[in-house]
Amino acid sequence: MATQRGGFSSRLGFILAAAGSAVGLGNIWKFPFEVGQGGGAAFVMMYLFFCFVLCFPVMVAEIAIGRKTQLNPVGAFKALGYKNWAIVGYLGLASGVLILSFYNVVAAWAFGYFVEMLLGHFDIGSRFGEFTADWITVGSYSIIFMLGTAYVVSRGVSSGIEKAAKILMPTLFIMIVALIIYALTLPNAMEGIKFYLVPDFSKITGNVVYSALGQAFFSLSLGMGALITYGSYVSKNDNIVSSAASITLMDVGVATLAGLLIFPIVFFQANGDQEVLGGLLKGGEGLIFESLPAVFESLGSTLGVVIGALFFLLLSFAAFTSTISLLEVPTAYVVDQHKISRSKGTWLVAVFIFLVGIPSMLSAGAVDWLSNFITLEGAGDKSFMGFVALIASDTFLPLGGFLIAVFTAYVWKKENFNMEMANGDEEIRGSWLQSYVDIAIGYICPLLLGTIFIITVLDNFMGIKILEMVLG
Ligand code: TRP
């Protein structure tokens, strides 16, 4: 069985693949604009706090469930003897399919911008809306991106996923460091760093806490069994607690670095003009796509092309190791549960998800009714893509995480969880770290994740602004 499913060839291979899953658009595209909207360093502090205190234990639980059962999320709950809990696995599959369906579109934008930068089309920043509405171009890039993803996944765990991560992750790291060194030489860079690193705690509101928690969870690829799946390919002799710590550190590290890269650039561009600055920081989704190309242009045609292309290549690489993990989850499901060969399974799933993603692709300006898809009581106007993101990443993931924590602590039970944790790590037995993970999984995670799920539903779908009512 194990040989048939494949597995990671080394602990480092697993860590890099899982860190590759975690490091993605979430770190380099979403994190900086959330920091911008959340008031800077205060948001960063909350984010770091949640990554270590809340997310790290959930990550250990996911990896433990996967490694214990050596199965995909649906099979895992069944194999542990809890058939009804397989619903959590199905929820994870649904989340994975939905997230990949729109994530692949944003990845296609990143890749498209890489090509535009190579061609020296710096005005693409001011034509962001036009670009995303051009469904033939975006469609072509998203086919390319999905084909690349499916190719890697179809090659299997060690010669596909692990190999890609071993090449892409170090490259990504080198690119980001090189870009930061450059960004720090720009005028006004230090003001950007100050905004990013010196916290103003008066800026912490209920909403900041809430979005920092959601961001931490999404960024670490938790709540849908992606790490159950990757954990299922981990050797019984590996230390999963320290692996989870490394993965968390790498993800947090890259998000932190992304901020060091983006904020000097943003403050450089604003050039002391508070109004421009405010607009950029509150710019949300457009922060990277709309404002960066103009900055690259100001660097001159040669340097601008090099730095601009490098930046969007970096973004594409980060997205790529994440789309791989998102595709792997449903693929592992059809391979394990339906005995379909890996190569056939991968292509089937990839085509299906691509089709599911078509309305999202068309909802960024190409088709009117998809672009203005729905008006929600609390969340306001949403495009089809925005609506899918709201359901899958903002709603399903915390629910999935809540259920995984409750399952681990109270159904599978702490003793069994601790036994799996100690495989490959005898020293963890009875340590403070193990006690902490147990307490977090049993109390802190269910409480916080359950709360965030309820708030999301009340706030976005029903317009009950519970955070504002309670915290002001
Ligand atoms: N973590 C990735 C990012 O930050 C996205 C991602 C990949 C993901 N796989 C996931 C999110 C599984 C949740 C679950 O961009």
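1. Cys445 has its closest cysteine sulfur in Cys55, and the two sulfurs are 7.8 Å apart, too far for a bond. Cys445 is also buried, at 0% relative accessible area. This is a predicted model.

2. Cys55 has a closest cysteine sulfur of its own to consider, that of Cys51, at 5.1 Å, which is again too far for a bond.

3. From the backbone of Ala22, an N or O atom lies 2.9 Å from a ligand oxygen atom. Ser219 also uses its backbone: an N or O atom there is 3.1 Å from a nitrogen atom of the ligand. With Ser221 it is the side chain, where an N or O atom is 3.0 Å from a ligand nitrogen. On its own the ligand has 370 Å² of accessible area, and the protein covers 100% of that area.

4. The most is given by helix α8, residues 135-154, with three residues.

5. Ile143 belongs to helix α8. Is Ile143 buried, partly exposed or exposed? Its relative accessibility is 41%, so Ile143 counts as partly exposed.

Conventions
Residues are numbered from 1 along each chain as its sequence is written. This is a predicted model: local features need pLDDT of at least 70, side-chain atom pairs count only at pLDDT 80 or more; totals for chains, interfaces and linings use all residues. Side-chain values use heavy atoms; hydrogens and water are left out. Helices (H or I, at least four residues) and strands (E, at least two) are DSSP runs, numbered from the N terminus. Buried means under 20% relative accessible area, exposed over 50%, partly exposed in between (1.4 Å probe, protein chains only). A disulfide is a pair of cysteine sulfur atoms within 2.5 Å. A polar contact is a pair of N or O atoms within 3.5 Å; within protein, one must be able to donate a hydrogen and the other to accept it, and residues adjacent in sequence count only if both atoms are side-chain atoms. Accessible areas come from the Shrake-Rupley method with a 1.4 Å probe; for residues, only the protein chains shown count as cover.
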